[in-house]
Each structure stands twice: as structure tokens, then as C-alpha cells.
Amino acid sequence: MRLYDCRIYQDGVKMDANYIPCVKDGLAGLYNTVDGTIVYDFGGKNFAASDVERTADYRISGDSVQTTLRLTKQSAGGTCAEPEERWATMNGMVTLMAPPDAGMAAAWTVTDMDGKSKNYYGDTVEITMPPCPSTVSLAFYAADALTTVAQLREALGGAQGGETIRLAPGEYELDSEILINKAITLEGAGRELTILKPVAAGGEFRAINMTEAATVRNLKIMGFKANINGLGVYMTKGTLDNVWIYGNTMYCTTGSLKWGAGVYVYGKDCVVTNCTVEKCFADRDYGKIEGIGIQLKGGTVVDSEILDNE
């Protein structure tokens, strides 16, 4: 039986402190520490462990940090109209119950009610929680991955062709573009886990400029705004693989012409594969913008989605 050491809040009401969430025989339940019984029932519905979207071998204790079990369907096979959430409220110290696999490390992401996130790294961390409702999620990443923009820029400056630079899960706020002018690989932990965004003060710059046969993969680029071609990625060489570009805004000065609020591909050897370019916007009040999601002047796009760009 897998136990989660935390107190349970169900629909905002604290349940009996004797109950500890657990998983046994493939079912998510509550273990009663007094009489040893297990309740396999949440709000009148039973759920299998495979139906719990977010589970992990970690221990959290106390009563200030929260995590979510998002229950997505009934064990009998029926599907809930809306996912149901059960909140577990815990104190600031978070510790893995078992060490990560060799070569891996733990990343904790705290997300507040406005969607703003803060990241913590390590097997044991002390978390500062924003007001409820907030969530804590756990992900594992390569232990040699970088965790700050400063580390990333230093690594890019010293990298040799053929090297791989890895980024841990988290949000990375940029104050200028990332120039990739060497044949390296820049790899995030996943396109929902590693996110490049501009600093809150903004600024006129794109996210990534690729001028050599590099590969950028497994990350998300979002929220850039500028009067610049290729606002998400400008590439004259290289490969984008499993990159999600979301919510960039491009504008023009009077009489000007711009291309690619998401991606501008300007080279015959460029490849965009398994990518999504979504909800990028063109402010055309003063000029002309073409290829809002992706502008192709050479190169190849395969197995990718260009969605709701306008």
C-alpha cells in the first residue's frame, strides 16, 4: 500500500485527521490510521488509481501546502462531465519517499490561482505557498539540467558543437533573445514543463534565434510581444522538435511588413516537426503581417499543428 502523508480537504472541508490518502490494489482511497480500514470513495464515487491524473511517490506533511488529485473518471468506466478535484493540504517541507532513479532529480512547481508558478528543486524542499487554491506538482528531470537563465546563457557561450544543454522543468524569464549559433541541442524537460517567457517588464526581442544546424526540443515559448520577424523562433538553420509556441503578439510600425509571430523559417535546411503554433496574434493597425503562425521561406514542416492564429 502506498501512503501519502497529508491531511485531506474534500470540497474545501477538512476531513477527519485520521485519514491518510493511499493507493492499494489499484484503487485510490483513504486509510484510517485508527482502525486500519480503507475507504475507496470520493464524494459518492469510486476511482481506480489509474484514473487519478496526478500521483507520485512523495511525502508531504503539515497543513499549508496543497496538492491535487484530479479524478477524471469512475472506476466503473463512466466519465465525469467535469474532472473532480480533491485537495490535500500540507506543511512547507516536501520530501520524496524514495530517491529518484539514477541520473534524475526532482522539480516541484507551485501554481497559484492566477496561473503564476514558482519552481523548487531537490529531493527535500521547503515550499512557500500562495493563498488557496494553489497546487503543487512533481516532475523528474535529468540531474545535469540547468535551472536558471544565467546558467543557460553561460552554457551556450561555452558549448561546443554536438553538445546537449538541458533545461529543468520551470519558467525561464528572458530579458533578451537566446542566440543559438552552434550545432548544439537545447532540450527542455517537456513542452508543458519547460517554459520560455519574457520578463514582466517586457522588451523588444524574440525568444530564440537559430543560425546554425542546432536542435531545440521539448519546451514551450509563450507571451512575447514585439515588432520583430520570427517572434517565437527565427531560424535560418536547424530543427524545432516538439516545441509549443503560444500566445505571441506581433505588431507593425506604419507601412512596414512583418512575418511569423510564431516561427519564421528562412532556410532550405530548416525542419519544424511535432510542433504546435497556437493563438499567436497580429496587430495590423499600422502595417502588414503575413504568416502569422508560421512563415515559410524554405524548409519543411511535418507532423505539426498551426492553430487559431489571427
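**Figure 1. The whole chain and its surface.** The protein exposes about 14600 Å², with carbon and sulfur atoms supplying 47% of it. This is a predicted model, and its secondary structure comes to one helix and 34 strands. Of the 310 residues, 45% are buried.

**Figure 2. Inside the largest nonpolar core.** This core has 50 residues, and Ile-208, Ile-221 and Leu-240 touch the most other members. Zooming in on Ile-221, its contacts beyond four places in sequence include Leu-196, Ala-207, Ile-208, Val-233, Val-243 and Ile-245. A second, separate core has six residues, among them Val-110, Tyr-120, Val-125 and Leu-138.

**Figure 3. A cluster of rings around Tyr-264.** Ring pairs link Tyr-264 with Tyr-234, Trp-259 and Tyr-266 into a cluster. The model has six aromatic pairs. Trp-259 and Tyr-264 make a tilted pair instead, at 5.9 Å centre to centre and 40° between the planes. Tyr-234 and Tyr-264 are both buried, and so is Trp-259.

**Figure 4. Lys-220 over two rings.** The charged end of Lys-220 sits over the ring of Trp-244, 3.8 Å from its centre. Lys-220 also lies over the face of Tyr-246, here at 5.1 Å from the ring centre. Both Trp-244 and Tyr-246 turn up again among the contacts of Ile-221.

Conventions
Residues are numbered from 1 along each chain as its sequence is written. This is a predicted model: local features need pLDDT of at least 70, side-chain atom pairs count only at pLDDT 80 or more; totals for chains, interfaces and linings use all residues. Side-chain values use heavy atoms; hydrogens and water are left out. Helices (H or I, at least four residues) and strands (E, at least two) are DSSP runs, numbered from the N terminus. Buried means under 20% relative accessible area, exposed over 50%, partly exposed in between (1.4 Å probe, protein chains only). Accessible areas come from the Shrake-Rupley method with a 1.4 Å probe; for residues, only the protein chains shown count as cover. A nonpolar core is a set of buried Ala, Val, Leu, Ile, Met, Phe, Trp, Tyr and Cys residues joined through side-chain atoms within 4.5 Å. Contact means heavy atoms within 4.5 Å. Rings of Phe, Tyr and Trp (its six-membered ring) pair if their centres lie within 6.5 Å; planes under 30 degrees apart count as stacked, over 60 as edge-to-face and the rest as tilted. A charge sits over a ring if NZ of Lys or CZ of Arg is within 6 Å of the ring centre and within 35 degrees of the ring normal.
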